[in-house]
Amino acid sequence: MQHVEHIGIAVKSLADSNALFTKLLGVTPYKQEGVEAEGVLTSFFQTGQTKIELLEATNPESPIAKFIEKKGEGIHHIAFEVANIIEEMARLKAEGFILLNETPKQGADNKLICFLHPKSTNSVLIELCQSIVQ
């Protein structure tokens, strides 16, 4: 794992949270996009090398909607940038970590992603992400 790529925060209202984080960080979001397969609308902020991803559910069955229903708004996951997601997934699976998807899938911000089950990571949802070269 190369570095923390971003911290994902589940929010009820992307518009309200964008305004809050703009005031907090002193920058506006550099990107907003939907990820239909995950049922989310995302907004990304960057300050220095740190990225924050805000996630709003687009349907009541999405993982973010269920997270907010159970735990409320807050930190949802920590994402780590990896050089080769396939190799890292195989390494982590061999080490006994539980992958939530067996193959990488398309995520937001031009990334391939895979999540590790919190049961195998001290109750922290971990996301692996690899930038897609265009």
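Gly107 has Lys111 of strand β7 as its bridge partner, and three bridges in total join β6 to β7, two strands that run antiparallel. The model described here is a predicted one. Between the two strands of this hairpin lie three residues, and Asp109 takes a positive phi near 60° there.

- Eight strands form an open sheet with mixed pairing, and their order is β2-β3-β4-β1-β5-β8-β7-β6.
- The edges are formed by β2 (31–35) and β6 (105–107), each of which pairs on one side only.
- On average, and with direction ignored, neighbouring strands of this sheet are turned by 35° against each other.

- Helix α3 (residues 85–94) lies across β7 (111–116) and β8, and it runs at about 155° to β8.
- Helix α2 (residues 63–71) contains Lys66, which counts as partly exposed because its relative accessibility is 46%; leaving aside neighbours within four places in sequence, Lys66 is in contact with Pro60 and Glu61.

**Salt bridges**

- The whole structure holds 10 salt bridges, and a network of them links Glu5, Lys31, Glu33, Lys51, Glu81, Asp109 and Lys111.
- Lys111 and Glu5 meet through their side chains in a salt bridge of 3.3 Å, N to O, and this pair links distant parts of the chain, with Lys111 in strand β7 and Glu5 in strand β1, 106 residues apart.
- Both partners of that pair are buried, Lys111 at 7% relative accessibility and Glu5 with a relative accessible area of 5%.
- Glu33 and Lys31 form another salt bridge, in which the closest N and O atoms are 3.5 Å apart; Glu33 is partly exposed at 22% relative accessibility, and Lys31 is partly exposed with a relative accessible area of 29%.
- Glu38 forms a salt bridge with Lys105, with the closest N and O atoms 2.7 Å apart; because Glu38 lies in the loop between β2 and β3 while Lys105 belongs to strand β6, the pair ties together parts that are 67 residues apart in sequence.
- Within this pair, Glu38 is buried with a relative accessible area of 17%, whereas Lys105 counts as partly exposed at 31% relative accessibility.

**A buried glutamate without a salt bridge**

- Glu127 is placed in strand β8 (residues 126–131), and although buried, Glu127 has no salt bridge, the nearest side chain of opposite charge being that of Lys105 at 8.8 Å.
- The side chain of Glu127 does make a polar contact with the side chain of His77, at 2.9 Å.
- Leaving aside neighbours within four places in sequence, the contacts of Glu127 include His6, Glu53, His77, Ala79, Phe80, Ile113 and Phe115.

Terms used. Residues numbered from 1 in each chain as written. Predicted model: local features only at pLDDT ≥ 70, side-chain atom pairs only at ≥ 80, totals over all residues. Heavy atoms only, no water. Helix = DSSP H or I, 4+ residues; strand = E, 2+ residues; numbered from the N terminus. Buried < 20%, exposed > 50% of the residue type's maximum accessible area, 1.4 Å probe, protein only. Lys, Arg positive; Asp, Glu negative; His and termini not counted. Salt bridge = Lys/Arg side-chain N within 4 Å of Asp/Glu carboxyl O. Polar contact = N/O pair within 3.5 Å; in protein donor to acceptor, adjacent residues only side chain to side chain. Contact = heavy atoms within 4.5 Å. Pairing = 2+ DSSP bridges. Axes fitted to C-alpha atoms, helices over the stretch in contact; angles between N-to-C directions.
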